[in-house]
Amino acid sequence: VSFLKTFEDQGKLTFASTWSTFISSLDESQKKDSKFTVSANMSDSDRQLFFADFITELQIAEDEKQRRIFDAERRAEKAQRDAYRQLLRDMAKAGALIPSTRWRGVEHKILSDPIVAPVQAQGREFPREIFEEFIGEWSDVYRDDRAVLNRVLKTPGKEFRFDDSTTIDSFTSMLMDSASPSPELYGEIRRILNSKHMTTSAQLLFDELRAEHEARSDGNKRGNLLNGEESSEDEGEIIEDEE
């Protein structure tokens with residue numbers, strides 16, 4: 001074994017070596033070396049068996065090394081994907097993403113972040129696929145939470161109306177108050193409001209209701225403006241008739 005170990009240390013013997021290639025690489029003096037012959041009673045078959053056992057150990061060691069390298073690479077790649085998912089969560093918490101966000105709308109911004117480059121190196125479409133998985137899961141959560149929130153908003157006797165004075169604090173207080181008679185609903189609202197990972201479903205619904213309210217207000221203002229212009233024109237016509 002020490003004879004074989006010497007060749008391994010010199011890089012002349014590896015897990016891929018065969019008996020025939022090994023023997024052919026030895027010169028006459030090496031074949032007469034006592035470490036190789038061991039004893040006059042040892043046959044070539046015995047030496048070959050020792051060689052096979054040694055190579056098997058080298059193969060086992062090589063397999064273990066490759067497994068550890070593979071595991072390390074997989075762990076590193078997973079850490080890179082996890083960092084990217086955290087980036088998406090941070091963007092969602094900051095309001096840069098919502099459940100209806102589409103990849104094409106944020107692709108440039110996301111791909112320009114250095115956190116994403118290692119993920120894209122794993123697969124060109126990985127950033128988009130992970131994004132769509134993230135948005136899909138979030139959309140499912142928001143759909144379910146929205147149903148709960150709308151149920152509370154339509155509580156008999158406590159119907160909610162959004163106006164210019166409504167704030168996120170007054171909105172969440174109203175949700176808690178309206179849900180309080182039902183332990184089940186109250187628990188669901190607390191769960192929704194206490195989400196720490198990204199923008200809460202309550203905030204998302206508040207933003208939607210605020211946008212709808214502002215759109216209605218703008219529409220009413222434009223309508224009033226048009227009605228005012230028509231009234232002025234009518235008054236002008238009446239004056240002309242009087243003349």
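How much accessible surface does the protein have, and what share of it belongs to carbon and sulfur atoms? The surface comes to about 16200 Å², and 51% of that belongs to carbon and sulfur. Keep in mind that this is a predicted model.

Now the overall build. The protein has 11 helices and zero strands. Along the sequence, the pattern reads α-α-α-α-α-α-α-α-α-α-α. The chain counts 243 residues, and 27% of them are buried. Next, contacts. Take those with a separation of 6 or more: 66% of them join residues 24 or more positions apart.

On to the aromatics. A search of the whole structure turns up 12 aromatic pairs. One is Phe160 with Phe162. Their ring centres lie 6.2 Å apart and their planes stand at 90°, so this pair is edge-to-face. The angle cut-off for that label is over 60 degrees. Are the two residues buried or exposed? Phe160 is partly exposed, at 22% relative accessibility. Phe162 is buried, at 12%. The line between those classes falls at 20%.

There is also an aromatic cluster. Phe3, Phe7, Trp19, Phe22 and Phe51 form it.

Next, charges. How many salt bridges are there? The count comes to 17.

First up, Asp9 and Lys5. Their side chains meet with an N to O distance of 3.8 Å. Both sit in helix 1, residues 2–9, and because they are four residues apart, about one helical turn separates them. Asp9 is exposed, with a relative accessible area of 58%. Lys5 is partly exposed, with 36%.

Then Glu62 and Lys65. Here the closest N and O atoms are 3.4 Å apart. Glu62 is buried, at 15% relative accessible area. Lys65 is partly exposed, at 43%.

Helix 5 holds another such pair, Arg85 and Asp82, three residues apart and again separated by about one helical turn. Their salt bridge runs 3.5 Å, N to O. Both ends are partly exposed: Arg85 has a relative accessible area of 25%, and Asp82 has 32%.

Last item, a network. Which residues does it link through salt bridges? Arg124, Glu125, Arg128 and Glu132.

How values were computed: Residues are numbered from 1 along each chain as its sequence is written. This is a predicted model: local features need pLDDT of at least 70, side-chain atom pairs count only at pLDDT 80 or more; totals for chains, interfaces and linings use all residues. Side-chain values use heavy atoms; hydrogens and water are left out. Rings of Phe, Tyr and Trp (its six-membered ring) pair if their centres lie within 6.5 Å; planes under 30 degrees apart count as stacked, over 60 as edge-to-face and the rest as tilted. Buried means under 20% relative accessible area, exposed over 50%, partly exposed in between (1.4 Å probe, protein chains only). Helices (H or I, at least four residues) and strands (E, at least two) are DSSP runs, numbered from the N terminus. Contact means heavy atoms within 4.5 Å. Accessible areas come from the Shrake-Rupley method with a 1.4 Å probe; for residues, only the protein chains shown count as cover. A salt bridge is a side-chain nitrogen of Lys or Arg within 4 Å of a carboxyl oxygen of Asp or Glu.
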